[in-house]
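Visitor: Hi! I have a structure open and would like to talk through a few parts of it. Could you look at it with me?
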Amino acid sequence: MQLNFSFIVPVYNRPVEIDELLQSMMVLNYNKPFEIVIVEDGSSDTSERVIEKYQNKLSISYYYKKNTGPGDSRNYGMSKAKGNYFIILDSDVILPEDYLSKVDEFLSRNFVHCFGGPDDAHKSFSNLQKAISYSMTSYLTTGGIRGRKNTMGKFQPRSFNMGLSKDAFKSSQGFGQIHPGEDPDLTIRLWKLGYDTALIPDAIVFHKRRISWRKFHIQVHKFGLVRPILNKWHPETAKLTYWLPSMFLCYILFALVTVFCGWWYFAAFLGVYFVLIFIGALFTYRSISIALQSILAVFIQFYGYGKGFFKSYYYIHLLKRDPEKQFPALFFSK
């Protein structure tokens with residue numbers, strides 16, 4: 001079918017990021033028309049003035065609504081969009097010039113109703129942002145599940161860089177009210193409806209992520225809280241790999257205990273792992289500062305996720321608590 005793309009971008013109090021995203025859209029190397037739908041999710045610091053600068057340069061639709069979360073805002077944007085294929089982005093991404101042409105080329109050859117793409121750090125990003133990007137994308141940490149070519153099993157797109165056909169949106173009714181975790185939940189429901197997903201390796205976005213260690217810890221802690229809930233909703237998708245950050249925490253405690261007993265072997269293995277993280281980040285960014293911060297980023301990632309996973313598993317799977325009542329902060333209401 002003829003593809004007509006609509007970008008869907010929810011935003012909450014981030015006008016500067018919207019400005020950077022729209023700047024990157026201005027120079028996209030794509031000769032067909034496309035639409036941009038920006039949904040202001042109850043922001044107090046709105047993007048309206050930023051968008052006014054681009055109204056005569058880009059095809060932009062702008063909507064303001066009360067705060068109901070990113071999932072519902074994406075659904076709202078898709079319900080208003082004029083295209084037949086939606087590209088969902090976070091407000092804190094920047095697009096390379098060839099992004100849309102790469103997406104169009106792939107879908108024209110191998111059409112799929114839902115796709116995802118990788119994220120990376122732009123050269124202009126801070127050392128902290130690059131370190132966090134490395135910890136979230138390296139094979140040594142996440143195993144490449146966030147957008148690398150050799151991911152095991154079906155690919156689960158993430159909503160910072162995700163495509164969804166209008167047909168799949170209508171059939172699935174879009175994202176649910178949980179956040180984070182609304183993107184894997186939607187993906188799994190799409191599979192159950194018979195839709196396939198695919199990775200477009202060349203459809204890369206530059207993702208700024210969180211800009212402080214504290215915010216990064218909060219983010220990954222929520223990821224850990226959400227996973228046992230998704231496993232409860234979709235038990236057929238539960239994997240042992242989701243336990244790895246929690247097991248990593250247990251290993252650290254075990255290694256510390258054995259050090260006090262005079263056994264250094266287990267701590268040495270841990271040291272080797274972090275040396276590999278350092279070397280990998282150093283090879284990627286050619287910066288000792290980023291490599292050192294990557295070690296801290298990996299530790300925070302595993303600690304935050306592992307702690308959240310343990311806590312959620314205890315309440316949701318062992319005590320059989322209702323997820324929405326136990327963790328109301330993870331759910332938005334309309």
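Predicted model: local features only at pLDDT ≥ 70, side-chain atom pairs only at ≥ 80, totals over all residues.

Visitor: What span should helix α1 have at 1.5 Å a residue?
Guide: Its 12 residues, 15-26, should span 16 Å, and the end C-alpha atoms are 16 Å apart, which agrees.

Visitor: Switching topic: how many aromatic pairs are there?
Guide: The structure holds 23. In one of them, the ring centres of W243 and F309 are 4.7 Å apart with the planes at 70°, so that pair is edge-to-face. W243 sits in the loop between α8 (213-233) and α9 and F309 in helix α11 (residues 288-318), so to speak a link between distant parts of the chain, 66 residues apart.

Visitor: Is F309 buried or exposed?
Guide: F309 counts as buried, at 1% relative accessibility, whereas W243 is partly exposed at 25%.

Visitor: Nice. Where does T258 lie, then?
Guide: T258 lies in helix α9 (residues 244-260), and it is buried, with a relative accessible area of 3%. A polar atom of the T258 side chain is 2.7 Å from the backbone oxygen of A255. Leaving aside residues up to four places away in sequence, T258 touches W263 and F266.

Visitor: Last one: which ring does R74 lie over?
Guide: R74 lies over the face of F175, 5.0 Å from the ring centre. Likewise, R286 lies over the face of F283, at 4.9 Å.

Methods: Residues numbered from 1 in each chain as written. Heavy atoms only, no water. Helix = DSSP H or I, 4+ residues; strand = E, 2+ residues; numbered from the N terminus. Expected span 1.5 Å × (residues − 1). Buried < 20%, exposed > 50% of the residue type's maximum accessible area, 1.4 Å probe, protein only. Polar contact = N/O pair within 3.5 Å; in protein donor to acceptor, adjacent residues only side chain to side chain. Contact = heavy atoms within 4.5 Å. Phe/Tyr/Trp six-rings, centres within 6.5 Å; stacked < 30°, edge-to-face > 60°. Lys NZ or Arg CZ within 6 Å of the ring centre and 35° of its normal.
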